[in-house]
Amino acid sequence: MNRFVRARLGLAAALAGASTMIVELAAVRLIAPYFGASMVVWSNVIGVVLFALALGYLLGARLARGERPARSLTGALAFAALACAWLPFLSTSACRAFLPEGLALHEAFRLVSWGSLAATAVLFLPTALALGTASPLLAEAWQRASPGSAGAIGGRVLGASTLGGLVGVFVTPHFLVPELGLRTTYWIAATLLVLAAVCASFEMGFEPRFGVRSLAWVGAVASAFVTVAEPTTSVGWVELERRESPYQRVRVVEDRSGAERMRLLQVNEGLDSFQSVWLARKGLIGEGYYYDAFALPAAWSKPTGTWRLCVLGLGAGTAFRVIEGTLPTGVQLDALGVEIDPVVTELGRRWFELVEDAQHRVVSGVDARTVVRTNPGPFDQVVLDAYANQVEIPAHLSTVEFFELLHDTLAPGGWLSVNVGAFGCDDPLVIALAETIEVAFEGSVLAVRIPASRNVVLFARRDARPPRPDAPGWRAGEPFDSDLLAKTTHPANWRWFEGAKRAPLDDDSNPIDRLQLESLELGRARLSTLR
Amino acid sequence: MRASRRCVDAALVCVVSATSSFAQSFVDVQAAAEAGDFSRARDTATRIVDLGERARSLVWIDYGARDYASAVAEARTGLAATPSDPWLAERAVAAALALRDGRAATRGLDDFERVIARATPDTAELADWRATASDYRARARELTVLEDAADVALNRSRWTVIVLLVAASVSGWLCLRGGEQRP
């Protein structure tokens, strides 16, 4: 009998542990369509869950002093199952209460920290609190069914719970979320909790056990029939496809209202931002799109034969189309693209005419720095356009060691072009990255603010200097001169970096997260001076 | 926005033809910009003596280069010198809207509508200005509503977190109270 009871309680602990990790890992993805999945959001989610678990442990300790800890345990697990099953359906209302629709990316960012914290607290505090309550109740139920030392029982309960959590940690990002989606993931977590409640209800009478189980099952099943509201698209835009990848939520939207059909690839909260752009024609996209600046090096260099290109952060292939569409007549593109998210590459093939052949090679599912380390060059141009979680430059792709690797992949005179999300050339993020590249390349760096955008593009060359807007050699011919190159001669739209004054960002010390926050604060401060 | 563009062109023509010295300076500014040298255009503009005319040239350059923040600032400087200039008033609003700053645009619109109200009646041009102001007012209102909603959401977030934190802390303290009991 004791062994049977111990086994059921151990199983209940493992199931509860697995559910806890499923809820926690899927939590960021649940609110990512609204707040993104940056470090700030992750720390808010983990913080709230830990706080709620701690509170649950205290509550469980209090309930464990009662006459029937098994009943309290069953009730807590059933409540957790109900709360868990309904999370996907409550998330929209909760998130919208703290993040209004229609905001641009830079306007929404000030709400991300507090908004994601509030939404996480409202959504996950009840579930995590109930899950935390379970652990001390499991230990107490175990002790009463099979007396032993507190340490031995506590260790076994924790061990079973942690093993269950281990399964949840690996299954959630590798299978549950990408293959089954968020609603099914939470439904599975709820089902596991109902099973845990069943395992734990061994000493209750038939009616209470039946009532608790029934409530939990009915509530969980009812959730399967409710539709989850997704973030809407802007007026005039139609969603073509939406997918969950191991890294993010990805969707393709199309604008059919303008003269030209346009598609955008958006991730997570989307807002007014985009990761890739498609037009039916190749070549320049137009004002406000930083990809057009990537075409400048070839226009300045006037190559013959082949232009060897490497794009790190390929997305759905916009850089390929823009650069290939503007190469001088007779010049062929020989391109390598690296994209860490295989779902993005797949959507690129389906909706963005991303071609893969001998001249257009794509490495998907691998980190950019890993590819660069294999020294795949020499290249005439390397484009760095890698962003994680919509707004974050990956730290390991912004250091002097990484830029030295990029330098070595370039042919003599080769170009580095880097996209930086920033409000101007005096942005702290732009300055830090430009000075880091300066040290790595031992040469000058040009920063160009892309008019009508929130982007700055940095240019550097191996063994040469980029042209200056105030010097001969700036012009590249049409279609660049009359629009992009003309506007960037404005003093506010460019900056020259020579003689770095600060220590570069390196693998050991890289405050890129702080710099990105400072960048957004600077943008907001600028606007507030206008009011 | 079509009304806005007609207003911009019409006003520029009036301004340029009204003042011969400004006309020459502005021609130089325009030539430099069309030659693809906004830096030289700006240098030329800063040498114009008349404050209002200088402001008009600088706003034209800054807006053309999409430096909207500078365009707003220069327009306001120019309006301080020439408060009855509808073109400067309109550009200040247009640049603020391009920055998605509803409050700055609303401030600019108050000035713009005051200028229109005091303007010498010229039916076609006035009608264009009023239509532009109406378009801008609707857009500024949308942006201001969003900004207000964002402020409300931020306050709501902070208070939600504070209330939940206090409630949770009190609950935790209550759980800790009381002695150990064994069944």
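**Domains, cores and a helix pair in chain A**

Chain A falls into two domains, domain 1 (2-223) and domain 2 (282-528); the bounds come from an automatic or database domain assignment. Before I go on: this is a predicted model, in which local features need pLDDT of at least 70, side-chain atom pairs count only at pLDDT 80 or more, and totals for chains, interfaces and linings use all residues. Residues are numbered from 1 along each chain as its sequence is written, while chains are lettered from A and ligands numbered from 1 in the order in which they are written.

The centres of domain 1 and domain 2 of chain A, taken over C-alpha atoms, are 44 Å apart. Seven residues from domain 1 of chain A and nine residues from domain 2 of chain A make up the contact. Here, contact means that two C-beta atoms, placed from the backbone, lie within 7 Å. On the domain 1 side, helix α4 (residues 105-145) of chain A gives the most, with three residues. That side has three nonpolar, three polar and one charged residues. Nonpolar means Ala, Val, Leu, Ile, Met, Phe, Trp, Tyr, Cys and Pro; charged means Asp, Glu, Lys and Arg; the others, Gly among them, are polar.

Now the chain as a whole. Chain A has 15 helices and 12 strands, taken as DSSP runs numbered from the N terminus (helices H or I, at least four residues; strands E, at least two). Its C-alpha trace spans about 90 × 55 × 50 Å along the principal axes.

Next, one helix pair. How do α3 (residues 69-98) and α5 (residues 150-200) of chain A cross? Their axes come within 8 Å, at roughly 170°. The axes are lines fitted to C-alpha atoms over the stretch in contact, with angles from 0 to 180 degrees between N-to-C directions. The two helices are therefore roughly antiparallel, the word for angles over 145 degrees. Among the residues that meet are A:Leu77 and A:Cys84 in α3(A), and A:Tyr186 and A:Trp187 in α5(A). By class, this contact has 20 nonpolar, one polar and one charged residues.

Last, the cores. The largest nonpolar core has 133 residues, and those with the most contacts inside it include A:Val311, A:Ile437 and B:Val93. Such a core is a set of buried Ala, Val, Leu, Ile, Met, Phe, Trp, Tyr and Cys residues joined through C-beta atoms within 7 Å; buried means 20 or more other C-beta atoms within 10 Å of the residue's own. A second, separate core of 96 residues includes A:Leu9 and A:Trp114.

How values were computed
A residue is buried if 20 or more other C-beta atoms lie within 10 Å of its own, exposed if 12 or fewer, and partly exposed in between; C-beta atoms are placed from the backbone. Angles under 35 degrees count as roughly parallel, over 145 as roughly antiparallel, 65 to 115 as roughly perpendicular and the rest as oblique.
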